[in-house]
Protein chains: 2
Amino acid sequence: MKELIYNRHLLPVAERFASKPAVFDGPYVATYSEHAERVLRLADGLRGELGVERGDRFAVMALNGHHYLELFHAGFLGAGVINPLNLRLAPKELAFILGDSETKVCFVDAPFAPLIDRVRKEAGIEKVVLVGEGDAPHDLTHEDVIAAGKAVVPDEPEEEDAVVLMYTGGTTGLPKGVLLDQRAEMLNMYHVAVRWGLDETFVYLHQTPMFHAASMGGTLGIPASGGVSTFVPMFEPKAVLDAIEQHQVTMTVMVPTMIGMLLSHPDFKPERLASLEVLTYGASPMPTPLLEQLLAMFPDMGIYQGYGMTESSAVLTSLGPEEHRKGGELLRSAGRPLSGVVVSIQDAEGNVLPPGETGEVCARAGNFMREYWKRPKETKEAFHGGWYHTGDAGYVDEQGYLFLVDRVKDMIVTGGENVYSAEVESAISSHAAVEQVAVIGIPDERWGEAVHAVIVCKEGTTATEDEIREHVRDRIAGYKIPKSVEFRDEPLPLSGAMKVLKRDLRAPYWEGKERAVQ
Amino acid sequence: MKELIYNRHLLPVAERFASKPAVFDGPYVATYSEHAERVLRLADGLRGELGVERGDRFAVMALNGHHYLELFHAGFLGAGVINPLNLRLAPKELAFILGDSETKVCFVDAPFAPLIDRVRKEAGIEKVVLVGEGDAPHDLTHEDVIAAGKAVVPDEPEEEDAVVLMYTGGTTGLPKGVLLDQRAEMLNMYHVAVRWGLDETFVYLHQTPMFHAASMGGTLGIPASGGVSTFVPMFEPKAVLDAIEQHQVTMTVMVPTMIGMLLSHPDFKPERLASLEVLTYGASPMPTPLLEQLLAMFPDMGIYQGYGMTESSAVLTSLGPEEHRKGGELLRSAGRPLSGVVVSIQDAEGNVLPPGETGEVCARAGNFMREYWKRPKETKEAFHGGWYHTGDAGYVDEQGYLFLVDRVKDMIVTGGENVYSAEVESAISSHAAVEQVAVIGIPDERWGEAVHAVIVCKEGTTATEDEIREHVRDRIAGYKIPKSVEFRDEPLPLSGAMKVLKRDLRAPYWEGKERAVQ
């Protein structure tokens, strides 16, 4: 079918708002008709000049900017499957992803061109296209491709056409390609457009990286509603404050760390964010004191939390402004499912658990991926029983609010009891000497698994195993207290998404043994 | 696919808002969990007690009320295809529709039970189910069906499952059944939910008849968003004013005639509508003075015009509050396409016409019907060239605003010129003596068609053919002036939707001849 496709949205809107600004990017400005013309030319150039046919992948490794927006839109108009690359990827991962995705064309900006140049041979990249300003190795430029293309409306794609191949972070092994089609992306766009009330008055600032699924609502939804898209190349508090003020930004998406950095920056004054009507945060838990500070500072701002993942491209549940105002326990919730999304908490056998009981968060929605690219086994597992299994442990309360507890894989099963590592970490991290902590399950002959804590102390402080155990004794049940504690001097290993790589911490303990939960 | 289906919306919302009111209907009140339980039982009873299998039709002939809402929701949960009957149908039309749709089960309320009883044999109705209070012939009651059913969640329907069979009015021959599936209804629901910003704070008043496509946005969208549904059995100004005040209604849909009657009612005071945040009107053109009066009286109300048809279930374009505030020419516009809808103006050969040129309004959208029931030829014609042909003549301006000019079938082709009957009628109706006027094309040997006016004068007034022609001479071009004028004492024949049946007026002139535009 041809209905849930992006050109049914972008093209009529570009016609309707022809002379209205679509993009502000530093000195670059484009009206809707200018943006649409560049996108149509780019789509045509991708096909003609670069030989990217419908279904072929093309990669992008670049900071945020209007070029990135154009590449997403060109892909969605039927010019291929965009493979947006995480900017933190190591050369080996990069080569793996480019090879695994069979990508022949890579768009890259000057800061990342040397990296692509280094891996292009191993990765099988045939053409490197330079995006934006700067001097760097390339075969042709983004502007060359646009100049070579004609502004013709391409044949309409089908809604089952793949359109995004996004690789997920490496906390659970090799990166996996998440293949999303027009339909999934359009349904997520509808869901968030309903939730946020998108219309042509919106001015959206891209500050989270555009390669990340959290950006997709803005990347697609804003131009489909006639709003303005604006950018900072990457998050930097001063640049964000300036951009919000200069463009009178009305909406943005941030991760909690960014919000913290913004509020504590010397240039920050609350009135500099006066234009912001909608602020969505997500991707990691928001510390309650920070959230309370934000709410107190901006009593009229529409603050939303979003929970989702690349596989759902992206939003499943949302905590809205009214719920934030209620405060209390609710601030720890990930909210309730968006219209069109069904969430269910299930045990390992697929039984639906009642409110209050913790199990795996499962969901059904039209915005889920079609498959893990070339991984039918993993795809089948992820959707077994007709539900997508998020791998997150959580519960819903009587009112349907979702509370996330832990990653299922990080849950420790000790003596038949489930211990959620996040809860133990939270108890330990309140100890004054603790800088970083990760709690993992290690093999134990008697208990199956034993709770084990890995701690990095703040510079100039120390703590002992007994002190830590004593500290948490009043805070958590006895069976949750670590049986062993290990102190390290080096920072804990982090993924590209800044999450501790517990898999790496567990690995030496489990060598030659099999964990029940893989 | 199973994603764009109503139970993915209603059931999780009913769980989430379990103890929140879902329905107020006079003394009847239901929370979401109560409403959902009744709907599940009704769906089960429809299948078990009444033998209505997935895909089978069941009809409803009833005034507005919670029963009607329950029947729509039960059908959408997979219990059959609802066939909502126009309450103005004559017995012959009714028998035709019930027979054509092969409907065996008919839900009816007391006021319409005698009518159904009269046609049931001819129509082949096997079971008549009485809805609501009152004494009337029936086989069993709505409450019997609910009592017989179990509150079990049925197997999920597919999104291609037919769910509504709605017969369109008779202005163009025998009524045609418009067959709509889950997907079309869900996409219209998304489109209007985005446009209106539906959420759980909405209190919606059903006052337009629930058998009409214009009600579908409210019937499906409000309960899918956690809002409150409330009802008047049928439009009556005092009842509407009371209901708005009593339930603090925030949104309703009206036709312009209703708005006029409401504002001129002796009980009307603007403050009685103070709770109304969203008022949508449509189905017929709104006289500009009435619209200006409304806008002046309610400067903060969100006033929307919607344009659409049963076949698009229902909304294609919308004129929003900001555009109403701009006033002037824009007030005559039907607005711009909703996100997800593409509109194009085409000539008879299917060429797309530029802004400003009048042609047939064509559209593409996910919310269109699957087919005219058992009429493949009409279905093919309606969608020829990949566009739905609305039969309306209109143009879009440079900003994409749609202006409707006439029904294509009512357009008169005289000496190679197109004359839009609506324009001539507008010129004639400004004559002081004119109560009703219809302008039609009649056969003419020289000009192909000639412009002919049929006029009913106001009581106690008269006019002559020459006076009418003199009156319009400064108002319209010479070729648009009626060649002949006919005065009648009887009111002009009207359709169920209160439109003049021009087909009936034309018939005697065209007997044995073929009109170019049928």
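Predicted model: local features only at pLDDT ≥ 70, side-chain atom pairs only at ≥ 80, totals over all residues.
## Two chains, one axis

Two copies of a chain are related by a rotation about an axis and a shift along it.

## A buried helix in chain B

Is helix H8 of chain B, residues 216–225, enclosed or open? Helix H8 of chain B is largely enclosed by the rest of the structure, because 10 of its 10 residues are buried. The cut-off for a buried residue is 20 or more other C-beta atoms within 10 Å of its own.

The buried run in H8(B) includes B:Met216, B:Gly217, B:Gly218, B:Thr219 and B:Leu220. B:Gly221, B:Ile222, B:Pro223, B:Ala224 and B:Ser225 are also buried. Just after H8(B) comes B:Gly226, with a positive phi of about 85°.

## Cis peptide bonds

Which residues does a cis peptide bond join in chain A? A:Ser313 and A:Ala314 are the pair, with omega about 0°. A:Ala314 lies in the loop between strand S14 (302–308) and strand S15 (315–319) of chain A.

Chain B has a cis peptide bond from B:Ser313 to B:Ala314. Its omega is near -5°. B:Ala314 is found in the loop between strand S14 (302–308) and strand S15 (315–319) of chain B.

## Positive phi in chain A loops

A:Gln248 is not a glycine, yet its phi is positive, at about 50°. Where does A:Gln248 lie? A:Gln248 is in the loop between helix H9 (237–247) and strand S12 (251–254) of chain A. A:Gln248 counts as exposed because it has 12 C-beta neighbours inside 10 Å. The cut-off for exposed is 12 or fewer.

A:Lys374 is another residue other than glycine with a positive phi, near 60°. A:Lys374 lies in the loop between strand S19 (371–372) and helix H13 (376–382) of chain A. How many other C-beta atoms are within 10 Å of A:Lys374? There are 13, so A:Lys374 is partly exposed.

Definitions and conventions:
Residues numbered from 1 in each chain as written. Chains lettered and ligands numbered in written order. Helix = DSSP H or I, 4+ residues; strand = E, 2+ residues; numbered from the N terminus.
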